[in-house]
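Trainee: I am new to this structure. Please take me closely through the part that the record marks as the active site, and then through a few places beyond it.

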Amino acid sequence: MSISNAQATSSIQICRIMRPDDANIVGNVHGGTILKMIEEAGCIIGTRHCNTQNGDHCLAALARVERTDFLYPMFIGEVAHVSAEITYTSKHSVEVQINVLSENIVTGTKKLTNKATLWYVPLSLQNVTKIIEVPPIEYSSSEQEEAGKKRYEAQKLERLETKERNGEIIMSVSLPEPYTVAFSQSSLIHLVGPSDCTLHGFVHGGVTMKLMDEVAGIVAVRHCKTNIVTASVDAINFHRKIKKGCVITVSGRMTFTSNKSMEIEVFVDADYLVEAEKGKYRAVTAFFTYISLDKDNKPLPVPPLKLEGEEEQKRFEEGKARYLQNKAKRLADKECK
């Protein structure tokens, strides 16, 4: 992996060649691998910026990832170029916008595969509960600053709304019928080790996102029994930090299917292994969207989801609303180009 600096703290680029361990059995790079690289770039630039002032040294902790679209698949042997730039700062948070390009090093062809927006909060290295003030950045215009402030207020409101769903638990069901929510729902249990963590001893956001993508991918494969790829990730909200030594349970369930896509809701619950009296808590939530592919990487129809009960019907309708909203946004973006 290589890192190049452009303007010291305001932008960076990370480059890495994609290897077999980064991809599925047909050579498509896992969405979680790309998300992990995106978070690494965001953490580097956020931490660098927040340490440009005198005072406590700090580390940028991931608080939220906005909706991320996977525009084109990336393959083994291609080089991923991850570019990160700080675009807005509030008193206690940093917005980082990231672009990912894939490069075919044989033909020289480059494609934009991902665009992402991440929000970080700087935490003191001496006292992890202390949030450090963020040095302000210079904006090219007042309009640019005002647009950033609007994005900041919007994500802050959505994070508060998301916390209302945090009490939900995915229940296991024995011998479910195919194409039902219960049939494909999956969980992964992971013990948080030192290599998963920051200098503070808390899990890297990228590690968590990679595990979430793995679970969502298992749900998608169980539902359609084909090759699948990550199409997009809705906002990922990091509600609470996860400490080294915790056991995390990453659970996924199908919420909505269209003709060509599947939406999967993923929860991350953390449990203190030693201090069990502290109890389990909901740490991260997100919605992942996958598409089904044939052997030539062409989209396949997705089997309809069989719904059982009012709660599944409600979640399906909410997923449908998100699907239609995102579809309308994509069409509007195309018209603006």
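Mentor: Here is a walk through the annotated positions, followed by some other residues.

This is a predicted model. Start with the annotation. The unreviewed UniProt entry gives "active site" for Asn24 and Asp213. These positions are spread over 190 residues of sequence, yet they cluster in space, with a largest C-alpha distance of 12.2 Å.

Take Asn24. Look for Asn24 in the loop that runs between strand E2 (11–17) and helix H1 (31–50). Asn24 has 17% relative accessibility, so it counts as buried, since buried means under 20%. Beyond its neighbours within four places in sequence, Asn24 is in contact with His30, Asn227 and Ile228.

Now Asp213. Its place is in helix H4, residues 205–224. Asp213 is buried too, because its relative accessible area is 5% and the cut-off is under 20%. Setting aside neighbours within four places in sequence, its contacts are His30, Gly31, Gly32, Thr230, Phe288 and Tyr290. Note His30: it is in contact with Asn24 and with Asp213.

Next, the wider setting. Over residues 182–296 the chain is 20% helix and 46% strand. The end C-alpha atoms of that stretch are 30 Å apart.

Two residues have a backbone angle to check. Tyr179 has phi near 70°, a positive value in a residue other than glycine. Tyr179 sits in the loop between helix H2 (142–162) and helix H3 (181–184). With 34% relative accessibility, Tyr179 counts as partly exposed. Asn297 is not a glycine either, and its phi is positive at about 60°. Find Asn297 in the loop between strand E13 (280–293) and strand E14 (299–300). Asn297 is partly exposed, at 31% relative accessibility.

Finish at Arg322. Helix H5, residues 310–336, holds Arg322. Its relative accessibility is 17%, so Arg322 counts as buried. What does its side chain do? The Arg322 side chain makes a polar contact with the side chain of Glu263, at 2.8 Å. Apart from neighbours within four places in sequence, Arg322 is in contact with Asp234, Glu263, Phe287 and Arg315.

Conventions:
Residues numbered from 1 in each chain as written. Predicted model: local features only at pLDDT ≥ 70, side-chain atom pairs only at ≥ 80, totals over all residues. Heavy atoms only, no water. Helix = DSSP H or I, 4+ residues; strand = E, 2+ residues; numbered from the N terminus. Buried < 20%, exposed > 50% of the residue type's maximum accessible area, 1.4 Å probe, protein only. Polar contact = N/O pair within 3.5 Å; in protein donor to acceptor, adjacent residues only side chain to side chain. Contact = heavy atoms within 4.5 Å. UniProt positions renumbered as here; feature names shortened; annotations may be inferred.
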